[in-house]
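Q: I have a structure to go through before the group meeting. Can you walk me through it?

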Amino acid sequence: MKWYTHLACITLILAAISRFFPLTLGFILFSLIGSILPDLLEVWLGLPHRSKYVHNLVAATPLILLGVFSEWIMALGLAYAHHVVLDVTTVTGSYICNQRVRGPLRNSSLWHNLLIILAHLLVVFAIVLQQ
(Lines give C-alpha, C1' and ligand atoms only; values in the text may rest on other atoms or scores of the structure.)
Protein backbone atom coordinates (compact mmCIF):
# COMPACT_ATOMS: atom_id res chain seq x y z
CA MET A 1 0.00 0.00 0.00
CA LYS A 2 1.03 3.59 -0.52
CA TRP A 3 2.02 5.82 2.43
CA TYR A 4 -1.14 7.86 2.06
CA THR A 5 -3.25 4.69 2.30
CA HIS A 6 -1.56 3.74 5.58
CA LEU A 7 -2.16 7.24 6.99
CA ALA A 8 -5.77 7.39 5.79
CA CYS A 9 -6.59 3.95 7.20
CA ILE A 10 -5.06 4.59 10.61
CA THR A 11 -6.91 7.92 10.76
CA LEU A 12 -10.18 6.09 10.13
CA ILE A 13 -9.32 3.54 12.81
CA LEU A 14 -8.57 6.37 15.25
CA ALA A 15 -11.95 7.90 14.41
CA ALA A 16 -13.63 4.60 15.27
CA ILE A 17 -11.65 4.16 18.51
CA SER A 18 -12.49 7.71 19.57
CA ARG A 19 -16.16 6.68 19.76
CA PHE A 20 -15.24 4.47 22.74
CA PHE A 21 -12.16 6.05 24.31
CA PRO A 22 -10.82 9.59 24.52
CA LEU A 23 -7.59 9.80 22.51
CA THR A 24 -4.65 11.92 23.58
CA LEU A 25 -2.62 13.92 21.10
CA GLY A 26 0.35 11.64 21.82
CA PHE A 27 -1.68 8.53 21.03
CA ILE A 28 -2.82 10.04 17.74
CA LEU A 29 0.67 11.21 16.72
CA PHE A 30 2.33 7.90 17.62
CA SER A 31 -0.38 6.04 15.68
CA LEU A 32 0.28 8.15 12.61
CA ILE A 33 4.04 7.61 12.93
CA GLY A 34 3.58 3.87 13.50
CA SER A 35 1.44 3.60 10.38
CA ILE A 36 4.41 4.53 8.17
CA LEU A 37 7.28 3.45 10.46
CA PRO A 38 8.13 0.17 8.66
CA ASP A 39 8.80 2.06 5.43
CA LEU A 40 10.78 4.78 7.22
CA LEU A 41 12.93 2.23 9.06
CA GLU A 42 13.86 0.48 5.83
CA VAL A 43 15.04 3.76 4.33
CA TRP A 44 16.95 4.76 7.49
CA LEU A 45 18.56 1.32 7.84
CA GLY A 46 19.31 0.92 4.12
CA LEU A 47 17.25 -2.26 3.85
CA PRO A 48 15.34 -3.33 0.74
CA HIS A 49 11.64 -2.53 0.74
CA ARG A 50 9.48 -5.18 2.40
CA SER A 51 12.45 -6.57 4.27
CA LYS A 52 11.62 -9.56 6.45
CA TYR A 53 13.33 -7.81 9.36
CA VAL A 54 11.08 -4.74 9.30
CA HIS A 55 7.91 -5.67 7.39
CA ASN A 56 7.14 -8.42 9.85
CA LEU A 57 4.46 -8.79 12.50
CA VAL A 58 7.17 -10.08 14.83
CA ALA A 59 8.87 -6.65 14.68
CA ALA A 60 5.71 -5.04 16.09
CA THR A 61 5.46 -7.46 19.03
CA PRO A 62 8.03 -5.80 21.35
CA LEU A 63 6.36 -2.42 20.83
CA ILE A 64 2.94 -3.83 21.66
CA LEU A 65 4.30 -5.58 24.76
CA LEU A 66 6.07 -2.40 25.90
CA GLY A 67 2.72 -0.69 25.46
CA VAL A 68 1.86 -1.96 28.92
CA PHE A 69 4.02 0.89 30.20
CA SER A 70 2.98 3.61 27.76
CA GLU A 71 -0.13 4.17 25.69
CA TRP A 72 2.00 6.00 23.14
CA ILE A 73 4.23 2.96 22.61
CA MET A 74 1.11 0.79 22.37
CA ALA A 75 -0.25 3.13 19.67
CA LEU A 76 3.06 2.93 17.80
CA GLY A 77 3.11 -0.89 17.98
CA LEU A 78 -0.51 -1.39 16.95
CA ALA A 79 -0.20 1.03 14.03
CA TYR A 80 3.04 -0.70 12.98
CA ALA A 81 1.25 -4.07 13.04
CA HIS A 82 -1.64 -2.58 11.07
CA HIS A 83 0.84 -1.41 8.40
CA VAL A 84 2.23 -4.93 8.05
CA VAL A 85 -1.27 -6.45 7.86
CA LEU A 86 -2.30 -3.97 5.13
CA ASP A 87 0.81 -4.87 3.16
CA VAL A 88 -0.10 -8.56 3.40
CA THR A 89 -3.04 -7.78 1.08
CA THR A 90 -0.63 -6.87 -1.74
CA VAL A 91 1.10 -9.12 -4.26
CA THR A 92 4.47 -8.15 -2.76
CA GLY A 93 3.22 -9.19 0.69
CA SER A 94 4.77 -8.97 4.13
CA TYR A 95 6.10 -11.40 6.67
CA ILE A 96 4.57 -13.23 9.57
CA CYS A 97 7.62 -14.71 11.27
CA ASN A 98 9.70 -16.20 8.42
CA GLN A 99 6.74 -16.75 6.11
CA ARG A 100 5.96 -14.20 3.40
CA VAL A 101 2.21 -13.83 3.00
CA ARG A 102 0.82 -12.28 -0.19
CA GLY A 103 -2.55 -11.04 -1.33
CA PRO A 104 -4.14 -10.09 -4.66
CA LEU A 105 -3.87 -6.28 -4.57
CA ARG A 106 -1.26 -4.15 -6.34
CA ASN A 107 0.13 -1.33 -4.19
CA SER A 108 0.83 0.71 -7.33
CA SER A 109 -2.86 0.71 -8.26
CA LEU A 110 -4.80 3.78 -7.14
CA TRP A 111 -8.00 1.71 -7.27
CA HIS A 112 -6.60 -0.97 -4.97
CA ASN A 113 -5.45 1.69 -2.49
CA LEU A 114 -8.89 3.32 -2.62
CA LEU A 115 -10.51 -0.09 -2.09
CA ILE A 116 -8.58 -0.56 1.16
CA ILE A 117 -9.50 2.94 2.35
CA LEU A 118 -13.16 2.31 1.45
CA ALA A 119 -13.12 -0.95 3.44
CA HIS A 120 -11.86 0.95 6.48
CA LEU A 121 -14.46 3.66 5.92
CA LEU A 122 -17.24 1.05 5.86
CA VAL A 123 -16.01 -0.39 9.17
CA VAL A 124 -16.06 3.09 10.73
CA PHE A 125 -19.61 3.69 9.44
CA ALA A 126 -20.72 0.33 10.82
CA ILE A 127 -19.29 1.22 14.24
CA VAL A 128 -20.84 4.68 14.23
CA LEU A 129 -24.26 3.39 13.14
CA GLN A 130 -24.27 0.76 15.91
CA GLN A 131 -24.23 3.42 18.59
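Notes on helices, loops and cysteines

Q: Cys 97 first, then: how exposed is it, buried, partly exposed or exposed?
A: This is a predicted model, so treat what follows as computed from that model. Cys 97 is partly exposed, because its relative accessible area is 46%, and buried would need under 20%.

Q: And where does Cys 97 sit?
A: Cys 97 is in the loop between strand 1 (94-96) and strand 2 (99-101). Its phi is positive, near 60°, although the residue is something other than glycine.

Q: What about Cys 9, buried or exposed?
A: Cys 9 has 0% relative accessibility, so it counts as buried.

Q: How many disulfides does the structure hold?
A: The structure holds 0 disulfides.

Q: Moving to helices. How do the axes of helix 1 and helix 2 cross?
A: The axes of helix 1 (residues 3-17) and helix 2 cross at roughly 150° and come within 9 Å. Helix 1 is therefore roughly antiparallel to helix 2, since angles over 145 degrees fall in that class. The crossing is right-handed.

Q: Which residues of helix 1 and helix 2 meet there?
A: From helix 1, Trp 3, His 6, Leu 7, Ile 10, Thr 11 and Leu 14 take part. They meet Phe 27, Ile 28, Ser 31, Leu 32, Ser 35, Ile 36 and Asp 39 of helix 2. By class, this contact has 8 nonpolar, 4 polar and 1 charged residues.

Q: Now helix 3 and helix 4: at what angle do they pack?
A: Helix 3 (residues 57-66) packs against helix 4 (residues 71-88) at about 160°, with the axes 7 Å apart. That angle makes helix 3 roughly antiparallel to helix 4. Their crossing is left-handed.

Q: What residues make that contact?
A: Helix 3 contributes Leu 57, Ala 59, Ala 60, Leu 63, Ile 64 and Leu 66. On the helix 4 side, the residues are Ile 73, Met 74, Leu 76, Gly 77, Leu 78, Tyr 80, Ala 81, Val 84 and Val 85. The contact of helix 3 with helix 4 has 14 nonpolar, 1 polar and no charged residues.

Q: Back to the loop between helix 2 and helix 3. Is His 55 buried or exposed?
A: His 55, which lies in that loop, is buried, with a relative accessible area of 0%.

Q: What is His 55 in contact with, leaving aside its neighbours within four places in sequence?
A: Its contacts are Pro 38, Asp 39, Glu 42, His 49, Arg 50, His 83, Val 84, Asp 87, Ser 94 and Tyr 95. The C-alpha atoms of His 55 and Val 84 are separated by 5.8 Å, and the two residues are 29 residues apart along the chain.

Q: Arg 50 is in that list. Where is Arg 50 placed?
A: Arg 50 is also in the loop between helix 2 and helix 3. Its phi is positive, about 65°, although it is not a glycine.

Q: Arg 50 again: buried or exposed?
A: Arg 50 counts as buried, because its relative accessibility is 2%.

Q: Last one. Where is Trp 44?
A: Trp 44 is in helix 2 (residues 25-45). Trp 44 counts as exposed, because its relative accessibility is 60% and the cut-off for exposed is over 50%.

Q: How far apart are Trp 44 and Asp 87?
A: From C-alpha to C-alpha, Trp 44 and Asp 87 are 19 Å apart in space, and in sequence they are 43 residues apart.

How values were computed:
Residues are numbered from 1 along each chain as its sequence is written. This is a predicted model: local features need pLDDT of at least 70, side-chain atom pairs count only at pLDDT 80 or more; totals for chains, interfaces and linings use all residues. Side-chain values use heavy atoms; hydrogens and water are left out. A disulfide is a pair of cysteine sulfur atoms within 2.5 Å. Buried means under 20% relative accessible area, exposed over 50%, partly exposed in between (1.4 Å probe, protein chains only). Axes are lines fitted to C-alpha atoms, for helices over the stretch in contact, and angles run from 0 to 180 degrees between N-to-C directions. Helices (H or I, at least four residues) and strands (E, at least two) are DSSP runs, numbered from the N terminus. Angles under 35 degrees count as roughly parallel, over 145 as roughly antiparallel, 65 to 115 as roughly perpendicular and the rest as oblique. A crossing is left-handed if the near helix is turned anticlockwise from the far one by less than a right angle, and right-handed if clockwise. Contact means heavy atoms within 4.5 Å. Ala, Val, Leu, Ile, Met, Phe, Trp, Tyr, Cys and Pro count as nonpolar, Asp, Glu, Lys and Arg as charged, and the others, Gly among them, as polar.
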